[in-house]
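Please look at the sequence and the model first.

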Amino acid sequence: MSTGQLGTARRVLHRTARIMDGSDTPVVGLEPSCTAFLKSDALELTDDPPCGGSPAGCERSPSRSPPAMKPLGDARAVMQPHCHQYAELGLDADREVLRTAGVDATVLDAGCCGLAGNFGFEAGHYDVSVAVAEHVLLPAVRATDATVLADGFSCRTQLRQLTDRDPVHLATLLAGLIDS
């Protein structure tokens with residue numbers, strides 16, 4: 001939808017609605033822009049949205065306890081929220097899971113990473129993209145040796161291209177903490 005491919009987006013939504021119809025299978029949103037789309041834009045794009053046409057219909061509490069995690073000691077992280085995460089989804093769940101995992105996380109108030117989907121890749125946008133990243137995000141990342149968390153693909157791409165850091169998704173961090 002973000003690139004104007006509304007017909008394709010509708011077809012994918014119809015397929016998703018058929019798969020999810022009556023299913024108790026948990027759906028975990030990993031890319032914040034996709035999760036935000038399913039919770040809001042999808043409801044306006046099709047007459048057969050997933051989850052019965054209600055964002056609340058897609059939200060379910062976990063039916064089991066979280067897995068045991070390795071103790072972290074003094075783990076620290078700096079988190080760059082994705083624009084959709086910041087604006088539409090919120091960060092409460094992320095903050096809670098980080099707290100539960102024992103991660104002392106600083107959530108940056110940096111705004112957009114500057115890449116903004118494909119914006120930073122388009123001709124004539126590179127300088128603006130880098131300037132946005134240099135406003136808060138890049139100086140904060142350069143000033144810390146903490147783990148860098150970035151759930152958005154574009155945020156991780158921007159950080160990898162403009163720093164020597166390798167940011168990770170929250171799910172990747174948590175997967176590494178699970179006792180097997």
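The model is predicted, with local features needing pLDDT of at least 70, side-chain atom pairs counted only at pLDDT 80 or more, and totals for chains, interfaces and linings using all residues. Residues are numbered from 1 along each chain as its sequence is written, and side-chain values use heavy atoms, leaving out hydrogens and water.

**Helix H8**
- Seven of the ten residues of H8 are buried, so the helix is mostly covered.
- These are Ser154, Cys155, Arg156, Thr157, Gln158, Leu159 and Leu162.
- Helices (H or I, at least four residues) and strands (E, at least two) are DSSP runs, numbered from the N terminus.

**Arg156**
- Arg156 lies in H8, which spans residues 153-162.
- Arg156 is buried but has no salt bridge (a side-chain nitrogen of Lys or Arg within 4 Å of a carboxyl oxygen of Asp or Glu).
- The nearest side chain of opposite charge to Arg156 is Glu31, 4.9 Å away; Lys and Arg count as positive, Asp and Glu as negative, and His and the chain ends are not counted.
- Leaving aside residues up to four places away in sequence, Arg156 touches Ala150, Asp151, Pro167, Val168 and His169, where contact means heavy atoms within 4.5 Å.

**Helices H1 and H2**
- H1 (residues 6-20) and H2 (residues 32-45) pack at about 110 degrees, with axes 11 Å apart; axes are lines fitted to C-alpha atoms, for helices over the stretch in contact, and angles run from 0 to 180 degrees between N-to-C directions.
- H1 contributes Leu6, Ala9, Arg10 and Leu13 to the contact, and H2 contributes Phe37, Leu38, Ala42 and Leu45.

How values were computed:
Buried means under 20% relative accessible area, exposed over 50%, partly exposed in between (1.4 Å probe, protein chains only).
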